[in-house]
Amino acid sequence: MNRVAGKVVLITGAARGQGRSHAVHLADEGADIIAFDLCEDIASNEYPLATREDLDETRVLVEKSGRRCVTAQVDVRDRTALRENLAAAVSELGGLDVVVANAGICPLGRDVGIEGFVDAFDVDFVGVVNAVHVALPHLSAGASIIVTGSVAGQVPQTGINGMEALQGPGGDGYGLAKKMLGAYTSSLAFTLGPLNIRLNTVHPTNVDTDMLQSAPMYRTFRPDLENPTREDALETFPFMQLMPTPWVDAADISHAVVYLASDESRFVTGQQLRVDAGAGMKIGL
């Protein structure tokens, strides 16, 4: 395999979910991994976030592939901490070739208040910008930057087909952040192209992670029930996709990430790639 053999990859939000999946798939293909995660809860975000133990487990899984892994507990909203920890990791591993700006939260619910908007936007947009910008000085020709967007960020803030897919101030902040990522990455890809540095954004639909499998998300998809369960939400999750599935797996996103990280995509840049089981087609994107 060895599709990214010898490359060093920074992944934010690497302790679990999509980030862990990306780390393992890239390590399986020969990359060394720099894995960053907050490893703490954020008050406005109802569902629990990853822990230090989760991040340690990511390291163990990467090392099982025979690759090196440097981890750090870092808040993507703190550019200084990102810069310092990345510099130390790059020094240890000898370089940086790929950035996967993946960290994100989705604080749903009408009761999260303005803090929900601030936290969602700061993590999901400012955090991506911080990760990319501190990485740029370490990147050279042939590097690849991959940003995690969302199909939800490509639809009107009022929701999909009359249903508010993202509720409350936190949902609004999430949607705005994901929308702005499209414009940001397209513009930066234009700037980086002459340097032979690529930048692409992957937009997933529902992904089977802790963010999706959470009480606030269940309530979003089943607003007709006071305390919906996973089984209740399973009845409506499929409406997002054109293909008959309630969600895609984290591995489905990782396959796209591996391709964009590899030299197989050496002339692919500025793309907004949907891995969405046809959700974009269904809503007219």
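View 1. The largest share, three residues, is that of α1. A cavity is a set of points on a 1 Å grid over the protein atoms alone where a 1.4 Å probe fits but cannot get out, and lining residues have an atom within 4 Å of a point. This one holds about 740 Å³, the space filled by probe spheres set on the points, which are joined across faces, edges and corners. Among its 43 lining residues, Tyr-47, Gly-104, Ile-105, Thr-209 and Met-211 come closest to the centre.

**View 2. Asp-276 in its loop between β7 (272-275) and α9 (279-282).** Asp-276 counts as buried because its relative accessibility is 9%, below the 20% limit (1.4 Å probe, protein chains only). A polar atom of its side chain sits 2.7 Å from the backbone nitrogen of Gly-280. Beyond neighbours within four places in sequence, Asp-276 has contacts (heavy atoms within 4.5 Å) with Val-151, His-203, Thr-205 and Gln-241.

**View 3. Surroundings of Phe-237.** Not counting residues up to four places away in sequence, Phe-237 touches Asn-206, Leu-212, Gln-213, Met-217, Tyr-218, Phe-221, Pro-246 and Trp-247.

**Notes for all views.** Residues are numbered from 1 along each chain as its sequence is written. In this predicted model, local features need pLDDT of at least 70, side-chain atom pairs count only at pLDDT 80 or more, and totals for chains, interfaces and linings use all residues; side-chain values use heavy atoms, leaving out hydrogens and water.

How values were computed
Helix = DSSP H or I, 4+ residues; strand = E, 2+ residues; numbered from the N terminus. Buried < 20%, exposed > 50% of the residue type's maximum accessible area, 1.4 Å probe, protein only. Polar contact = N/O pair within 3.5 Å; in protein donor to acceptor, adjacent residues only side chain to side chain. 1 Å grid on protein atoms, 1.4 Å probe; cavity = no way out; pocket = protein on both sides within 12 Å on 5 of 7 lines; lining within 4 Å.
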